Amino acid sequence: MSEHPIGRTRPAADPRAEPDATATGSARSRIDGTDIVGEPVADPAAAVTRVFGIRHHGPGSARSLRMALDEFRPDAILIEGPADADPLVGFVAADTMEPPVALLAYVPDSPARAAFWPFAVFSPEWQAMRYGVDHAVPVRFCDLPAANVLASDEDSRGDRTDPLGTLAAAAGFDDAERWWDSVVETVPDSAAFDAITEAMAALRADALDHASQAPAPPTDGNPPARTAHSTTAPSRTSPGAPPPTAPTPPFIPGSATTAHAPTPHGPPAGSPMPGDPPPVADAGTADTRKESPAASGADLRPVLDDSPTNRWAPLVVDEHTLRREAYMRQVLRQTLKDGARRVAVVCGAWHAPALAGPLGPAAPDARLLRGMPKTKAALTWVPWTHSRLAASSGYGAGVTSPGWYHHLFTETERPVARWLTKVAGVLRAHDLPVSSAHIIESVRLADTLAALRDRPLPGLAEVTEAVRSVMCGGDETMLRLVIDELVVGETLGGVPEDTPTVPLAADLRARSRTLRLKQEALARSIDLDLRKDRDVERSHLLHRLRLLGIDWGTPTVGEVRNTGTFRETWTLRWEPEFAVRIVEAAVWGTTLRTAAEAKILDTASRDGVSVTELADALEIALLADLGGATDGLIARLEAAAALDHDVTHLLGALPGLTRTLRYGDVRGTDTKALTHVADGLLVRICAGLPGAATGLDTDAAEALRAQIDAAHTAVSTRDDEHAGAEWLATLQRIADRDDVHGAITGRAVRLLCDAGRIDDADSARRLAAALSIGNTPAAKAAWIDGFLGGRGLLLVHDRELLRRIDDWLRELAEDQFVATLPLLRRTFGAFESGERRAIGQALRDTGSATTIAAPTAVDPERGRVALRAAAMILGAAR
């Protein structure tokens, strides 16, 4: 019989284990079965259970909980969390386990169905686990297993309640968050837990009374699932526990404080309710629990109704909450049965009354849990970030300022001064002038604001106002830097190397360590020199990850200017959701290379894949050094190109193939087979392009012209004499045809002129023919647009060409000029401003610019007539 992962000193039964004949004395009981029904707990009078109702990710709750645990000295701790994650608790003791981290649960056969349970260093649950590590106390999770959570398809499983709103109103507060911060978060006190449980018990009793008086919903003949505890609120004390210091119910903690009480260190509105469970998030940031806004903490403002005497919406204890609490009680019964005598239960405050006091018979809870959906689930620890703990990320139980909370929890001495020093460091890192005098004045202003507001210490609101006024000079852009980098923060946690995971994740971890690529939450750029072996391997790794849908690295334009292919610049940023994508990609293989090869070959083998897509896939395969996939991709590309008669598809594939040939030269890849494919592709393009260029409208012609430009660049870059000759001969045939759109003909003439296939005299003759009287103004403008193609310097250096175009423009009739102007404006508007100025200067130098006639003499009589007419008009207007 194995010991508990974090120092259990006695054999412990797994609450979900099947009966084991080797157990002491009798078969073990199952939480969701009936074996435990009616079985008495040994010596129940000696057992003491303390329930600590907390707010998830509340630093004040975490600090109060540590104080309470030190006073209570439990021999077993139960924490709200997936019960099938118990084997992972032992990893909390590892030196390399650094929060924020999250429990990841996923369905092995469908990894996209996943859930996270995040923890920060200031999360009360994390502090409870750390207490167990430090004091060798067994720790278990007691909420519904992830196997049940992931199998459920309920649309709404959260508590549709706002208990804080009701308590805050009774205490004279208009803000639930301000009340909670004033009573619990600001002043750590282990005695507050009994008072909170007392208040929540009164609220739950009222909620259940409302539920019992409501009309029964239509059923199929079976009574709705209820439990023995669903009609009355549990007692607020546990057997043997010291009596609470609060008065008899209903007691409202904080009722003696002043309305609108101060909130030192309190967060803005929007933090999670104390009774909310950490929501189960999908592989992204969506919340699979689909809780209501009140339950998820997305909006903590109280819901008002029309009644002047009842400002708050009725509280609700829904069926999913009852199931969760039934499971928690079953785990608590099992823990007591295993011999624990001082049990600490850490759960959301809303659930505390359901677990405090006598547990009652187990039969109703077993009936409520029987028949719940279940699936196979795998669990592990994954790194998390502070930004993913923020409510703005979509996390239902998120907080608004995780970075600030972390600072408050870890910096107990002079937290405000230390915080403002960090702010100064952030602003200086962005080249903003912040001196020590700024820090001193900011501290003084924050203290003054706190004093004016009757707050014992400055909170985030006071500190932020001081930063805005003193350090940022009222600039909200500078303040946003502070909020993003400090108030929210991008701290990335870490997990031990031996944490259970899929082989693909282990391979990524090993390769990252070998290549010295550190997973970081903040974006950073790296410049890779592909002439170095390590940088080539880094490039391969990042390209393989992108192929598998894990965008750890994003290609960017680097600061190092180069025209070759031996440099790559990447922006690296690790997202927690990549853990799920790695699990999803594990279906393709156990290593990054084999997985990427399998996926790209599967994509290439699908029906309907175009030649362009295959060329792109082949390019990626060579970038990622997927030698096992290149042969298959080349064969598939050659077969597809032979059957594809659409020249535009072939043109689209040619640039990618040419880039692939160049990458092969730089990276040492054998591309002989690919050269054969590229040659065959060019032959088919040259044969079909002249015919495909005829009979096109303006939009189709411009699209084909862009493809011709890309293909011409590709052929020129390849530097193959035979391929270049075949391509230029094809352009010559296009330029000689009369049935091709002017945008394509003009571009063909321009490319041939640049390549030296036609001289300046021939190009001038072709221009004169295009501008002859037989063509429409639109056709002439299209030819010029194709010929110039955004290169204004050609007109600056070729004065004869400039003169011809200028003469043509000046000879246009007014109606023709108006019709041609939009096309010409688009052509000349593509030139850079310097090019346009140089063209104007060239026109002045050649003397072909239109001169303004000298002003004629002023006729006083005609002027007087005009003035009289203007005076009459203005007089009529008055």
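**Close-up views of a predicted model**

**View 1. An open sheet has three strands in the order β8-β10-β9, paired in the antiparallel sense.** Strands here are DSSP E runs of at least two residues, helices are H or I runs of at least four, and both are numbered from the N terminus; two strands pair if DSSP finds at least two bridges between them. β8 (524-529) and β9 (553-556) sit at the edges with a single partner strand each, so one side of each has no neighbour in the sheet. Six bridges join β8 to β10 (residues 567-572), and I526 has W570 in β10 as its bridge partner.

This is a predicted model, where local features need pLDDT of at least 70, side-chain atom pairs count only at pLDDT 80 or more, and totals for chains, interfaces and linings use all residues. Residues are numbered from 1 along each chain as its sequence is written, and side-chain values use heavy atoms, leaving out hydrogens and water.

**View 2. F52 and F72 form an edge-to-face aromatic pair, 6.5 Å centre to centre with 65 degrees between the planes.** Rings of Phe, Tyr and Trp (its six-membered ring) pair if their centres lie within 6.5 Å; planes under 30 degrees apart are stacked, over 60 edge-to-face, and the rest tilted. F52 is in strand β1 (residues 48-54) and F72 in helix α1 (residues 59-72), so the pair ties together parts 20 residues apart in sequence.

**View 3. F116 and W384 make a tilted pair, 4.6 Å centre to centre and 45 degrees between the planes.** F116 lies in strand β4 (residues 110-119), and W384 in the loop between β7 (378-383) and α11 (386-389), so this pair ties together parts 268 residues apart in sequence.
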